[in-house]
Amino acid sequence: MNTVFSKPSLRIFPMAAFVLLLTACSTTQQFTTQTTSFQQWPANAQGQLYRFNTYAGQNLEKASYESLLRNHMWKTGLIEAAGSQKARFEVSFDYGVQSRQQMVRENDPFYDPFFYPTFNFGWGWGYHHPFYSGVGFAMAPQYRYVQASYNRYQLHVSIRDLNNSGAEVYQATVLADSNKASLTQVMPFLTASVFDGFPGKNGQVRKINFDIEKNERN
């Protein structure tokens, strides 16, 4: 599967670093996202109309991601406005990719198990003399640390109440890290994470694990 990363970074959202783990099991792997949200959700929002803030120049890629996000809007209790219906809430989103690097441990391909001498000495308590020394042996390390590249994917969603001067009533930022996936592969997981536990507590960080087929590349 083609995993060329061609999407430029559109927006970077600072957040404490986290690690996305791809954990192999018998038939599935896990893909993990991390969501942080803030909200001041109106008590009377249930059943109200919403509309996406779609601009005329929106490209096909963003339109596709909008459809993915639309599939999860039901969790908010809102209903999408049809035609010329006046919507109370406006939904907007943006996304981006940031290239990062980290140190990872790997097996040393030049590993040759052997023992090498160690020496130690110092001061201590003893019956005859407060000085001690010693000679021992240790095995050469089997691993080495190397710098590896990975991508951090980001999705930011905002909902504003147009009946209240456009005040923001919900925002969520979803992050995911991967060194094998493309943005199009990751976006279904990001959009599915936006409204997890909606509306949630302010500043609450939620990690969401998705089981995917082991033979897929992520």
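Start with the contacts, meaning heavy atoms within 4.5 Å. Among those in the protein between residues at least 6 apart in sequence, 76% join residues at least 24 apart. The model is predicted: local features need pLDDT of at least 70, side-chain atom pairs count only at pLDDT 80 or more, and totals for chains, interfaces and linings use all residues. Residues are numbered from 1 along each chain as its sequence is written, and side-chain values use heavy atoms, with hydrogens and water left out.

**Whole chain**

Switch to cartoon view. The protein has two helices and nine strands. These are DSSP runs numbered from the N terminus: helices are H or I with at least four residues, strands are E with at least two. Along the sequence the pattern reads β-β-α-β-β-β-β-β-β-α-β.

Now show the surface. The accessible area is about 13,300 Å², and 53% of it belongs to carbon and sulfur atoms. Such areas come from the Shrake-Rupley method with a 1.4 Å probe; for residues, only the protein chains shown count as cover. Of the 218 residues, 38% count as buried. Buried means under 20% relative accessible area, exposed over 50%, and partly exposed in between (1.4 Å probe, protein chains only).

**The core**

Select L155, I159, V194 and F195. These residues have the most contacts inside the largest nonpolar core, which has 36 residues. A nonpolar core is a set of buried Ala, Val, Leu, Ile, Met, Phe, Trp, Tyr and Cys residues joined through side-chain atoms within 4.5 Å. Which elements each supply at least two residues of this core? They are β2 (49-52), α1, β4 (89-107), β7 (143-161), β8 (167-178), α2 and β9. Helix α2 gives the most, with six residues.

Centre on V194. Leaving aside neighbours within four places in sequence, V194 is in contact with T35, L69, L155, V157, Y170, A172, V174 and R206.

**Salt bridges**

Next, show charged side chains. The structure holds five salt bridges. Each is a side-chain nitrogen of Lys or Arg within 4 Å of a carboxyl oxygen of Asp or Glu.

Select E66 and R70. Their side chains meet in a salt bridge, 2.9 Å from N to O. Both sit in helix α1 (residues 60-70), four residues apart, so about one helical turn separates them. E66 is buried at 9% relative accessible area, while R70 is partly exposed at 28%.

E80 is partly exposed, at 31% relative accessibility.

Jump to D196 and R206. Their closest N and O atoms are 3.4 Å apart. D196 is partly exposed at 30%; R206 is buried at 8%.

**Rings**

Finish with the aromatics. There are eleven aromatic pairs. Rings of Phe, Tyr and Trp (its six-membered ring) pair if their centres lie within 6.5 Å; planes under 30 degrees apart count as stacked, over 60 as edge-to-face and the rest as tilted. Select W41, F89, Y170, F195 and F198, which form one aromatic cluster.

Last stop: K62 and F93. The charged end of K62 sits over the F93 ring, 4.9 Å from its centre. That requires NZ of Lys or CZ of Arg within 6 Å of the ring centre and within 35 degrees of the ring normal.
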